[in-house]
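Please look over the sequence and the model shown below before reading on.

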Amino acid sequence: MEKANIKWDELGFNYAYVDNIYVSYWKDGKWDEGKIQQGDKISISVGATALHYGQECFEGLKAYSTKDGSIQLFRPDMNAKRLQDSCKRILMPEVPVDKFIDACIQVVKANEKYVPPYGTGATYYLRPFMIGCGDNIGVGPAPEYLFCIFGIPVGPYFKGGFKPVSMTTAKYDRAAPWGTGATKVGGNYAGSLLPHKIANEEGYSDCIYLDPATHTKIEEAGAANFFGITKDNKFITPNSPSILPSITRNSLLTVARDYLGMEAIEGEILIDDIDQFVEVGACGTAAVVAPIGSIFYNDKEYIFHSKEEAGPVITKLYETLYGIQFGDVEAPEGWIVKVK
């Protein structure tokens, strides 16, 4: 298929009009078959629970063009299961894993001309989401639900691509203890807008969130997960009930252990112990892997490797995961789903 007239190497992480989206409705206790429809607009009641009570959740994953001309998805089953977990937490019906993956494939095929070509560094970002809809006004689960997926071509999440960013610790909490921090619901992100804005105004790319119970442990790095490389070459990432379980982080644990031979650990990371790290980074579907050059905490700037260039271990982690996603490095069994 002839590709759209887009300057692929100039793409940022921005919304763009899409021709076709996938829509499926849950009514009377069951899902309909779902279908592709044209345009990027949906219509819902003014009484929808998504608008008033935040009954909604979403996902993010990407489609990748490979060297042989095929297109593939990276671990979509993990996104499907995480969406199910989010739905359980806020009393929404679950989307079956097979339905989720099939819908993603339908969207990619229907918008193939917008999937960036191999070698451009750009990807096709898919945004599945579910909202409570139907006529409603009282606080409670919605009578109907809408499951939708759209996709857009994107470039790097952080300006400058794979370059170190600087962060500062936030005085605000991202989520409450035993709240919705482990689910991908919009309220978590709405609450992060102000601390993100403050960080930007202070000259930082984003902020580091500490655990909401004690404010002594690192939890997340902006809208992404945090990880660090210790002086003795261990890969460590936080483990907490209020952290979103990132598919990228889960994948990096495997890459660090099985591809780079590192000890990969999920555990507590005290903010007062950040000088144990020689490299630190953020990871997620949008950012993939972003080196963090410095963190400002308690009136002191901590620098990791360099503020100008990524460290050697983070670079290797990124290159290996990037290679798996684009089909240049052999993936663990079950990680790749071919679209065509």
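**Aromatic residues, cores and cysteines**

Tyr64, Phe162, Tyr318, Tyr322 and Phe326 form one aromatic cluster, where rings of Phe, Tyr and Trp (its six-membered ring) pair if their centres lie within 6.5 Å, planes under 30 degrees apart counting as stacked, over 60 as edge-to-face and the rest as tilted. This is a predicted model, in which local features need pLDDT of at least 70 and side-chain atom pairs count only at pLDDT 80 or more, while totals for chains, interfaces and linings use all residues. Residues are numbered from 1 along each chain as its sequence is written, and side-chain values use heavy atoms, with hydrogens and water left out.

**Aromatic pairs and a charge over a ring**

- By this rule the count comes to 17 aromatic pairs, one of which joins Phe226 and Phe277 edge-to-face, at 6.3 Å centre to centre with 70° between the planes.
- Phe226 lies in strand S12 (residues 224-230) and Phe277 in strand S15 (residues 277-284), so the pair ties together parts that are 51 residues apart in sequence; helices (H or I, at least four residues) and strands (E, at least two) are DSSP runs numbered from the N terminus.
- Phe226 is buried, with a relative accessible area of 1%, and Phe277 is buried as well, at 4%, where buried means under 20% relative accessible area, exposed over 50% and partly exposed in between (1.4 Å probe, protein chains only).
- The charged end of Lys27 sits over the ring of Tyr25, 5.3 Å from its centre, a term that requires NZ of Lys or CZ of Arg to be within 6 Å of the ring centre and within 35 degrees of the ring normal.

**Nonpolar cores**

- The largest nonpolar core has 33 residues, of which Phe100, Val108, Leu126 and Phe147 touch the most other members; such a core is a set of buried Ala, Val, Leu, Ile, Met, Phe, Trp, Tyr and Cys residues joined through side-chain atoms within 4.5 Å.
- Elements that give two or more residues to this core include strand S1 (20-27), H2, helix H3 (97-110) and strand S7 (123-133), and H3 gives the most, with seven residues.
- Apart from this core lies another, of 23 residues, among them Val165, Ile218, Ile269 and Tyr297.
- Leaving aside neighbours within four places in sequence, Val108 is in contact (heavy atoms within 4.5 Å) with Ala63, Ile71, Leu73, Val115, Tyr124, Leu126 and Val339.

- Helix H2 (residues 76-89) has 14 residues and reaches 20 Å from its first C-alpha to its last, close to the 20 Å expected at 1.5 Å a residue, the expected span being 1.5 Å times one less than the number of residues.
- The buried residues of H2 include Pro76, Leu83, Ser86 and Cys87, and the helix is followed by Leu91, whose phi is positive, near 55°.
- Thr183, in the loop between strand S9 (165-169) and helix H4 (186-190), is buried, with a relative accessible area of 7%.
- The C-alpha atoms of Thr183 and Leu83 are separated by 8.0 Å, although the two are 100 residues apart along the chain.
- Not counting residues up to four places away in sequence, Thr183 touches Asp85, Ser86, Arg89, Asn188 and Leu244.

**Cysteines**

- The structure holds zero disulfides, a disulfide being a pair of cysteine sulfur atoms within 2.5 Å.
- Cys57 is in no disulfide, and the nearest cysteine sulfur, that of Cys87, is 3.8 Å away; Cys57 is buried, with a relative accessible area of 0%.
- Cys207 counts as buried at 1% relative accessibility, and its sulfur is 16 Å from the closest cysteine sulfur, in Cys283, too far for a bond.
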